[in-house]
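Me: I would like to learn how to read pockets, cavities and ligand contacts in a model. Please go through the terms one by one.

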Amino acid sequence: MQNKLRTALEKLPRATLLYAPTPLHPLGNLQKQTGKEIFIKRDDLTGIGPGGNKVRSLEFLLGDALAQNCDVILAAGPAQSNLCTLAASACCALGLECVLIHNGKSPERPQGNLLLNTILGTESVFLGDVPSEMRNIHMESLAQKLAAEGRKPYIIKNGATSGRGALGYVAGALELYEQVIQTGKPIKTVFVPGGNGGVAAGFVYGNYLLGMPFDVKVISVEYSASELEVIMADVIRECREILGLPFGIKVSDTCEIIDDYSGGGWGQNTPESEQAVKDFPRSTGIFIENIYTSKPVVAMLDMIKKERVNEIPCILHTGGLGSLFAQF
Ligand SMILES: *Cc1c(COP(=O)(O)O)cnc(C)c1O
């Protein structure tokens, strides 16, 4: 299983951005408080820019761009988009040009991820107060304009949540599997965040291809469980076509999608998630942020307390540090 997956991944174009594996380690002080051994997979330490999950997706997306001889990368998102800053950072590492498209106004004093984009010198377009769909429309027309000028643009679609982007977490699941074997610990339950579903789809597909060594809990931070399941199934279908390995099972038979901790959805904090942004670093020394990483922490600790987690749990830290500085 493992070798077949590794071979299939090795056939695909991939840019090296991540000096893997990212650390997997226990949270000793938190164990004192909860009475339970807990591991963390440090995908906040993916080695480029402020780090985070999108670096894994960018390895496959920018690998594809380079294989097609593209010379300018377009990415879009809200001002504090982690994808935009990580794409800009990765382009610097690979010597590619990058243009970012945001809705909203260019701020007088950039903060958080926008400050990092400014330091990187990345060209940023601010569309003003327009609906988020306008970002894609603008990105398409910019790509056409650049192509007419003789450039070869590459568009990163949908915040890197695509079949190709999700390959990052197919590879990520394999990486974690190999690390867990090395620890000799019965790490079985893995908590992953579910935003647009790219991380979750990739991880679930990778886990399936490995014979389901992990019991995956997807903590939705945005959609209802049933909506997220449909999105994940679509992403896995696209991903399967690229990888060429089967997925003959329903998404709901491969993981538990939990939407009890999402509050009002994307960017809507809950009292518990706001508290976790302070409590978690105070007992681990590791920062989390409000949108993606605090709700999975709340979910994990609550489920441990309610004795719904038997084996040793592991939380996937997906990063987002750049945006933390603009969340207060
Ligand atoms: C984008 C992002 C996620 C969620 O990824 P999806 O693939 O959209 O579910 C999680 N954490 C951080 C820090 C992110 O930037």
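Reply: Start with pockets and cavities. On a 1 Å grid over the protein atoms alone, a cavity is a set of points where a 1.4 Å probe fits but cannot get out, while a pocket is an open set with protein on both sides within 12 Å along at least five of seven lines; a lining residue has an atom within 4 Å of a point. Here the largest pocket is lined by 42 residues, and Pro-78, Gly-159, Asn-196, Trp-266 and Tyr-292 lie nearest its centre.

Me: What kind of model is this, and how are the residues numbered?
Reply: This is a predicted model, in which local features need pLDDT of at least 70 and side-chain atom pairs count only at pLDDT 80 or more, whereas totals for chains, interfaces and linings use all residues. Residues are numbered from 1 along each chain as its sequence is written, and side-chain values use heavy atoms, with hydrogens and water left out.

Me: What volume does the largest pocket have?
Reply: A volume is the space filled by probe spheres set on the grid points, which are joined across faces, edges and corners. For the largest pocket this gives about 830 Å³.

Me: Which element gives the largest share of the lining of that pocket?
Reply: Elements are DSSP runs numbered from the N terminus: helices are H or I with at least four residues, and strands are E with at least two. Helix 6 gives the largest share, four residues. Among the elements that supply at least two residues each are helix 3 (54-67), helix 4 (82-94) and helix 7 (163-183).

Me: How is the lining of the largest pocket divided by class?
Reply: Ala, Val, Leu, Ile, Met, Phe, Trp, Tyr, Cys and Pro count as nonpolar, Asp, Glu, Lys and Arg as charged, and the others, Gly among them, as polar. The lining has 16 nonpolar, 22 polar and four charged residues.

Me: Where does the ligand sit?
Reply: A molecule sits in a pocket or cavity if more than half of its atoms lie within 2 Å of its grid points. By that rule the ligand sits in the largest pocket.

Me: Which residues surrounding the ligand are the closest?
Reply: A residue is near a molecule if one of its heavy atoms lies within 4 Å of it. The ligand is surrounded by 15 residues, the closest being Lys-54, Asn-82, Gly-195, Asn-196 and Thr-318. This shell has three nonpolar, eleven polar and one charged residue. Strand 7 (187-194) and helix 8 (198-209) each supply at least two of its residues.

Me: How many cavities of 30 Å³ or more does a search find?
Reply: The search of the whole structure finds one. The largest cavity has a volume of about 60 Å³, and its lining includes Ile-40, Pro-193 and His-317. Strand 10 (312-317) contributes the largest share of that lining, three residues. By class, the lining has eight nonpolar, three polar and no charged residues.

Me: What should I look for in the backbone?
Reply: Most residues other than glycine have a negative phi, and most peptide bonds are trans. Here a cis peptide bond joins Ala-20 and Pro-21, with omega about 0°. Asn-158 has a positive phi, near 50°, and is found in the loop between strand 6 (153-155) and helix 7.
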